[in-house]
Amino acid sequence: MPDKPALRRRLRDVLGQLPDAAKAAASVNLRDRLLAWPLFRDAPVVALFHSTATEPDLLPLLLTPDKTFLFPLCHPDRTITWHRPLNLAQWRPGPFGIIEPDPTLSPSVPADLIDLVLVPGLAFTLTGNRLGHGAGYYDRFLASLAPTVPTAGLCFSCQILPTLPTVHHDIPVHQVLHA
């Protein structure tokens, strides 16, 4: 099995070659699956992520009635705080090129209010192991969550692998949804 850095490079290449039409169709399929999923339907507060060009587009979910969506803000100490930006003016480009909430316009919300965490990643196994981008933000956050808070990895089907290299601090997700 390749080491994590080599696997990350390979997956970034694969995702970079995925046609926009295929990503758009898979994103619609994944959103439909989420909307039909009882854990999503029953969760009033959902931790979501602002997708990059290589991740499923989940932002149309913001139109889901009776839901509060929180987005991560990554800090230099490799922690995450959660924010509820209400309009486009409350976003800014982050240090990793990821759009994130502007904390001066969107105050943080306590993480213990989250009912469901939707997690990005470069790859997942169907048993929930995850390969992130390498900085450990989500592993630290997931380790701090109460074990009763459901977590789900979201990805394109090409990101599902039979096995992934893992170490002791890698935190699996409870479920993986892909399209």
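Me: In which helix do Lys23 and Asp20 both lie?
Reply: This is a predicted model. Lys23 and Asp20 are 3 residues apart, about one turn of the helix. Their side chains form a salt bridge, with the closest N and O atoms 3.3 Å apart. The helix that holds both is H2 (residues 20-36).

Me: Does Lys23 count as buried or exposed?
Reply: Buried means under 20% relative accessible area. Its partner in the salt bridge, Asp20, has 60% relative accessibility and counts as exposed. Lys23 has 11% relative accessibility, so Lys23 counts as buried.

Me: How many salt bridges does the count come to?
Reply: Side chains of opposite charge can pair when their charged atoms come close. The cut-off applied here is a side-chain nitrogen of Lys or Arg within 4 Å of a carboxyl oxygen of Asp or Glu. The protein chain has 15 positive and 15 negative side chains, and the centres of the two sets lie 5 Å apart. By this rule the number of salt bridges is 3.

Me: How many residues apart in sequence are the parts that the pair of Asp170 and Lys4 ties together?
Reply: The side chains of Asp170 and Lys4 meet in a salt bridge, at 2.6 Å from N to O. Asp170 lies in the loop between S10 and S11 and Lys4 in helix H1 (residues 4-17), so the pair links parts whose separation in sequence is 166 residues.

Me: Where is Val173 placed?
Reply: Val173 is buried, with a relative accessible area of 4%. Not counting residues up to four places away in sequence, Val173 touches several residues, among them Val119, Phe124, Leu142 and Thr151. The C-alpha atoms of Val173 and Leu154 are separated by 10.0 Å, the two being 19 residues apart along the chain. The place of Val173 is the loop between strand S10 (151-155) and strand S11 (175-178).

Me: Which strands are included in what covers the buried residues of H4?
Reply: In helix H4 (residues 137-144), the buried residues are Tyr137, Tyr138, Asp139, Phe141 and Leu142. Of these, Leu142 is also one of the residues that Val173 touches. The cover includes strands S2 (68-74), S3 (80-83), S7 (116-119), S9 (130-131) and S10.

Me: What is the radius of gyration of the protein chain?
Reply: There are 4 helices and 11 strands in the protein chain. For 179 residues the globule rule gives 16 Å; the computed value is close to this, so the chain is as compact as a globular protein of that length. The C-alpha atoms fill a box of roughly 45 × 35 × 30 Å along the principal axes. The radius of gyration is 15 Å.

Me: What share of the contacts with a separation of 6 or more is between residues 24 or more positions apart?
Reply: Buried residues make up 45% of the 179 residues in the protein chain. The accessible surface comes to about 9,000 Å², of which 60% belongs to carbon and sulfur atoms. Among contacts with a separation of 6 or more, the share from residues 24 or more positions apart is 65%.

Notes: Residues are numbered from 1 along each chain as its sequence is written. This is a predicted model: local features need pLDDT of at least 70, side-chain atom pairs count only at pLDDT 80 or more; totals for chains, interfaces and linings use all residues. Side-chain values use heavy atoms; hydrogens and water are left out. Helices (H or I, at least four residues) and strands (E, at least two) are DSSP runs, numbered from the N terminus. Buried means under 20% relative accessible area, exposed over 50%, partly exposed in between (1.4 Å probe, protein chains only). Contact means heavy atoms within 4.5 Å. The radius of gyration is taken over C-alpha atoms; the globule rule is 2.2 Å times the number of residues to the power 0.38. Accessible areas come from the Shrake-Rupley method with a 1.4 Å probe; for residues, only the protein chains shown count as cover. Lys and Arg count as positive and Asp and Glu as negative; His and the chain ends are not counted. The place of a charge is taken as NZ of Lys, CZ of Arg, CG of Asp or CD of Glu.
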